[in-house]
Amino acid sequence: MRAKFVVGNWKLNGSLSANEALLEAVLPGVQKAGNRQCAVCVPAPYLSQVKSLLEGTALAWGSQDVSAHDKGAYTGEVSGPMLKEFGCSLAIVGHSERRTLFGDTDAVVVEKFIAARRAGLTPIFCVGETLAEREQGVTEKVLARQVDALLDKVGAAGVDGAIVAYEPVWAIGTGKTATSAQADEAQAFIRARVAARDAAVAGRLPILYGGSVKGSNAAELFAMPNVDGGLVGGASLVAEDFVAIWRAAVAAN
Ligand SMILES: O=C(CO)COP(=O)(O)O
């Protein structure tokens, strides 16, 4: 059975005191359960704090982005080897906020994916359509373009061991969750796209859903055959909500 992941994406939120209070409240609710994994992706300045609070616990941690470059004259960037030094196991790449607000193109996202793997991090490769694209009926075309950009560069073997997250942009931070059927349909499409290159890799690829995941809808989403967990924004900042989502992942299949 595929591993289920619940990954919190704190985005640009937190403070030393708020992080400590949040993690102290979350930790007792997160026990290891089979091959499921729970993690938080935090702003880079807090990695040192998070490492000291989470080392030896059941909660893993990661970054929200990674530079395509390992070192050099790239002001403001944070590299994979640096993230690794702070104990990160995961790195989100291609989040829609990076794509739309900071100009990360398909090609840049693929370079970041490759950099994450080079550093020994598990990339969480985000894809998803905007509301306009869904309304125009081009959701699958957009997903195919985003997924193929990666597969064309790294091949199916290159995504083996990575994680994909389907995050419809219209469901992020809006309170509008994709229905479990909409999520499953899109995620089945992504899996088929990978299966066209390598069915075995596609079969073991965790594909998470992101976009207004809450304690109240997680169980229904996670029951879908192609939804292998959640990438959680707002609800990851509220301990009881995040723990409820984790419990739903532990209870699923
Ligand atoms: O973007 C997301 C996670 O990466 C989803 O954010 P929300 O859960 O706040 O909708």
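I started at His95, which sits in the loop between β4 (90-93) and α4 (96-101); helices (H or I, at least four residues) and strands (E, at least two) are DSSP runs numbered from the N terminus. This is a predicted model, where local features need pLDDT of at least 70, side-chain atom pairs count only at pLDDT 80 or more, and totals for chains, interfaces and linings use all residues. Residues are numbered from 1 along each chain as its sequence is written.

Buried or exposed, I asked of His95? His95 is buried because 27 other C-beta atoms lie within 10 Å (buried takes 20 or more, exposed 12 or fewer, partly exposed is in between, with C-beta atoms placed from the backbone). Leaving out residues up to four places away in sequence, His95 touches Gln64 and Cys126 (contact puts C-beta atoms, placed from the backbone, within 7 Å).

I then checked the UniProt record: its unreviewed entry annotates His95 and Glu167 as "active site", though such annotations may be inferred rather than shown by experiment. The two are spread over 73 residues of sequence, yet they cluster in space, with a largest C-alpha distance of 8.2 Å.

Glu167 I found in the loop between β6 (163-166) and α8 (180-195). Glu167 counts as buried because it has 28 C-beta neighbours inside 10 Å. With residues up to four places away in sequence not counted, its contacts include Cys126, Ile172 and Gly210.

Last, I looked at the ligand: 14 residues surround it, and Asn9, Ile172, Gly210, Gly233 and Gly234 are the closest (near means a C-beta atom, placed from the backbone, within 6 Å).

Methods. Two residues are in contact if their C-beta atoms, placed from the backbone, lie within 7 Å.
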